Amino acid sequence: MAASTEKSSAVVSTSEREIVVTRVFDAPRELVWEAFTDPAQVVLWWGPKGFSTTIHEMDLRPGGVWRHTMHGPDGTDYPNKSVFIEVVKPERIVYSHGGGKAGGPGVSFEATWTFEAQGDKTALTLRQVFPSAEVRERIVKEFGAVEGAKQTMGRLAEHLEQNEFVISRTFDAPRDLVWKAFTDPECMKQWWGPKGAKVIASKMDLRPGGIYHYGMQTPDGHEMWGKFVYREIVPPERLVLVSSFSDKEGKLTRHPMSPTWPLEMFSVFTFTEHQGKTTVTIRWSPLNASEQERKTFAEGHASMQQGWSGTFEQLAAYLATA
């Protein structure tokens, strides 16, 4: 039996002993993996609508234990214990699971989550294998396992969307020229940074694992330093990198004006061309961030919009004369 719904929603298939649910998320695989493996994030989306979760321990390694209690909207508790069998970052997680309603007969199955990169999107698939067809049927009827899995993935999608900042601008320039503006350190010196800032250092090692280290001087004479660590480079279509503030030597530092700003930002820059013009889209999300850091990021969207708009103005002016 198979069923599907609209684009980006879950696709479900079942056999006699298993349930398989797949959903494509509009987020890079690394961010989906982090949302699934960071306990501080898991509690924000795990479970069907109306449920909350308390995580008692989550030891993400083969043989490690994940104990959590799900709290139903009617106040019923559902204690759960899982033991990780396989953890292959960022591709696959396998665990054996036992749990169910407090005082009830319990549930047992083996779960496999696979994370498949599809460009800037991620296909997440859950495969649950039960001891028998009878057990699977009972779980579907008693706990609404299929609908629960779909709702859980829906909550994950909402969580990922809330943790992302996106901005786009179309420039009156061919894509190759715009790409060069982002990938040539001498070009970056001409426009990079907040409006009014002057780039005083620009050193780039453009390769996966390579670093772009830059320094800027604000109109009042203050110096700021930052860096990119490149993850993926697909000329002239996409740059994937981790951005952060740094010191003059390239060591990681906090935001000079916001001590609770995330230390690292996962960034995806895409470049699309149409009729001689190029649209640049930048997607920013906190990486390895605490709850407070994600909160600061979420509250800072207006300032990010303003900052990137000023940077884009400088880029447009540069491209007009390049």
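At what angle do helix α5 and helix α8 pack? Before you look, note that this is a predicted model, in which local features need pLDDT of at least 70, side-chain atom pairs count only at pLDDT 80 or more, and totals for chains, interfaces and linings use all residues. Residues are numbered from 1 along each chain as its sequence is written, and side-chain values use heavy atoms, without hydrogens or water.

**Stop one: two helices**

Select residues 175-183 (α5) and 301-321 (α8): they pack at about 120°, with axes 11 Å apart. Helices here are DSSP runs (H or I, at least four residues), and strands are E runs of at least two, numbered from the N terminus. Axes are lines fitted to C-alpha atoms over the stretch in contact, with angles from 0 to 180 degrees between N-to-C directions.

Now show the side chains of Leu-177, Val-178, Ala-181 and Phe-182 on α5, and of Leu-315, Tyr-318 and Leu-319 on α8, which make the contact (heavy atoms within 4.5 Å). By class, this contact has seven nonpolar, no polar and no charged residues; Ala, Val, Leu, Ile, Met, Phe, Trp, Tyr, Cys and Pro count as nonpolar, Asp, Glu, Lys and Arg as charged, and the others, Gly among them, as polar.

A cavity is a set of points on a 1 Å grid over the protein atoms alone where a 1.4 Å probe fits but cannot get out, and lining residues have an atom within 4 Å of a point.

**Stop three: the largest cavity**

Finally, select Leu-31, Gln-41, Leu-160, Asn-163 and Pro-286, which lie nearest its centre among 14 lining residues. That lining has five nonpolar, five polar and four charged residues.

Conventions: 1 Å grid on protein atoms, 1.4 Å probe; cavity = no way out; pocket = protein on both sides within 12 Å on 5 of 7 lines; lining within 4 Å.
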